[in-house]
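Hello,

Here is the structure you asked for. My notes on what turned up follow below it.

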2 protein chains.
Amino acid sequence: MKHTYEYPRAALTVDCVVFGFDSTQAALQVLLIRRGLAPFKDHWALPGGFVRVEETLDEAARRELEEETNLSTVFLEQLYTFGTVDRDPRERVVSVAYYALTKPADHTTAASTDAAEARWFPVSDLPPLAFDHAEIFATALARLRGKLRYEPVGFELLPPKFTLTQLQRLYESVLGTPLDKRNFRKKVLSHDLLVPLKETHREGTHRPAQLFRFDPVRYEKLKKKGFLFEI
Amino acid sequence: MKHTYEYPRAALTVDCVVFGFDSTQAALQVLLIRRGLAPFKDHWALPGGFVRVEETLDEAARRELEEETNLSTVFLEQLYTFGTVDRDPRERVVSVAYYALTKPADHTTAASTDAAEARWFPVSDLPPLAFDHAEIFATALARLRGKLRYEPVGFELLPPKFTLTQLQRLYESVLGTPLDKRNFRKKVLSHDLLVPLKETHREGTHRPAQLFRFDPVRYEKLKKKGFLFEI
DNA sequence: CCAAAAGTGTTCAGGCTACACCCATGT
DNA sequence: ACATGGGTGTAGCCTGAACACTTTTGG
């Protein structure tokens, strides 16, 4: 069935910048898919696709994420809308970009899916991207950096149980600067949002590390009182 | 001429939240237009309209602003894209919202224009708005509050020459809290971004106030060195 | 001389930075 | 016993908050 309008209309898509964190390599990563069709056939691109007329933008982003990368229940937030006229060579396409944060547990399921090839790349070493996806990615990374400083989103990138060193490595690789161990620990613990568990993380030939979990309930309470995370 | 597509497409619009500041009343204001057509006929709404297929989103926002309110050369930044399915009763409409900051000099020209009636309203006393424009406005105000704390955008709302008291009143009415006069002056002057002029602002029966201007060149230099405004 | 807003410094407390050593474990 | 990362405290500095009086003008 065809659809006819008085004036020409832009096509509307969503694109997602999906971040993941590899604790063993202490590297921030992005999920890309390889395009099977022209234009930019065989190039790497952000997962995304057309917005259906009966779904919201958020729903479209979540649907595409699930279809293309098999990820669900991730942190997802709208980023920016890209609307230069020639960003797609075929026709006018306006894209609402989102960024997503995923926990490592979801990673394995992510790669093993769908028709298109999906792969994690370290943000420090990305392949050339299709369309204006490099610009979208840069915007997302800048946003993640800003967000991480003021809101506790870092936990979205770690497993439910994590060590303070893992958290510090995450902050360091996102912000791109080394942080002082003692000051970092003092600061994050001072917020009283991390609950120490009765377990430890043992790995390698050294003292085991205390495991913590993030307390989202307590965070919601603090937020209502006009609280800033600030690290 | 008709335009036909394989799948139904959402219409794409831009809407602008235009802020102004009335120094004499120390009140933050928003520019609204009265709708001449259904739906929401005679309701107040944000200025905005359809995005043409050959113009970028930024261009569309600027064009609508000029057509509907006769404002040009204002600070304009993309805010958020609103895409719930039923936000427009007629059909699916996705709206890219912008917010704009205008200097008082532009205000007079703003009201006296175009077919539709345009008026400034204090943000503390808005009429009911059409569509989901109340939500868009709330998002814009929150964004302006955040932005003002970290970037020197306040000057976009003041005339080129202004007094420190005017600047303080602006901050107070946007942030919604009274500020300490001495601390405020110390802080803003410490950034070294305000240039004292050889003129004073005389008004009423009291000591005249020093006039300042903002130094955007110096700001650009500082910004490159990773500087934060922070007030 | 009175009313009204402009302009100006100091003190105190709390947070940020810098910094070095002992602890628990596996081999 | 040694190698490896885990874990801890303090002192100086700087920044933010609180706070009251003098100055300049017009009427």
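A:Arg149 lies over the face of A:Tyr150, 5.5 Å from the ring centre. A charge sits over a ring if NZ of Lys or CZ of Arg is within 6 Å of the ring centre and within 35 degrees of the ring normal. In chain B, the charged end of B:Arg9 sits over the ring of B:Tyr5, 3.9 Å from its centre.

Some conventions. This is a predicted model, where local features need pLDDT of at least 70 and side-chain atom pairs count only at pLDDT 80 or more, while totals for chains, interfaces and linings use all residues. Residues are numbered from 1 along each chain as its sequence is written, chains are lettered from A and ligands numbered from 1 in the order in which they are written, and side-chain values use heavy atoms, with hydrogens and water left out.

Now the interface. B:Arg9 also forms a salt bridge with A:Glu91 (2.7 Å, N to O). The term means a side-chain nitrogen of Lys or Arg within 4 Å of a carboxyl oxygen of Asp or Glu. A:Arg9 forms a salt bridge with B:Glu91, with the closest N and O atoms 2.8 Å apart. A:Arg9 lies in the loop between strand 1 (3-5) and strand 2 of chain A and B:Glu91 in the loop between strand 6 and strand 7 of chain B, so the pair joins two chains. Helices (H or I, at least four residues) and strands (E, at least two) are DSSP runs, numbered from the N terminus. A:Arg9 is buried, at 14% relative accessible area. B:Glu91 is partly exposed, at 31%. Here buried means under 20% relative accessible area, exposed over 50%, and partly exposed in between (1.4 Å probe, protein chains only).

Between chain B and chain A there are four salt bridges. Contact (heavy atoms within 4.5 Å) involves 32 residues of chain B and 32 residues of chain A. The buried area between the two chains is about 2,800 Å², and carbon and sulfur atoms give 53% of that. That area is the accessible area (1.4 Å probe) that two parts lose on being put together, summed over both.

B:Lys161 lies in the loop between helix 3 (133-150) and helix 4 (164-175) of chain B and B:Glu199 in strand 9 (residues 194-201) of chain B, so the pair ties together parts 38 residues apart in sequence. B:Lys161 is partly exposed, at 41% relative accessibility. B:Glu199 is partly exposed too, at 37%. In chain A, salt bridges link A:Arg52, A:Glu55, A:Arg63, A:Glu64 and A:Glu67 in a network.

Last, the rings. The count is 22 aromatic pairs over all chains. Rings of Phe, Tyr and Trp (its six-membered ring) pair if their centres lie within 6.5 Å; planes under 30 degrees apart count as stacked, over 60 as edge-to-face and the rest as tilted. A:Phe19 and A:Phe137 form a tilted pair, 6.4 Å centre to centre with 45° between the planes. A:Phe19 lies in strand 2 (residues 11-22) of chain A and A:Phe137 in helix 3 (residues 133-150) of chain A, so the pair ties together parts 118 residues apart in sequence. Both A:Phe19 and A:Phe137 are buried. Ring pairs also link A:Phe155, A:Phe162, A:Phe214, A:Tyr219 and A:Phe229 into a cluster.

Best wishes
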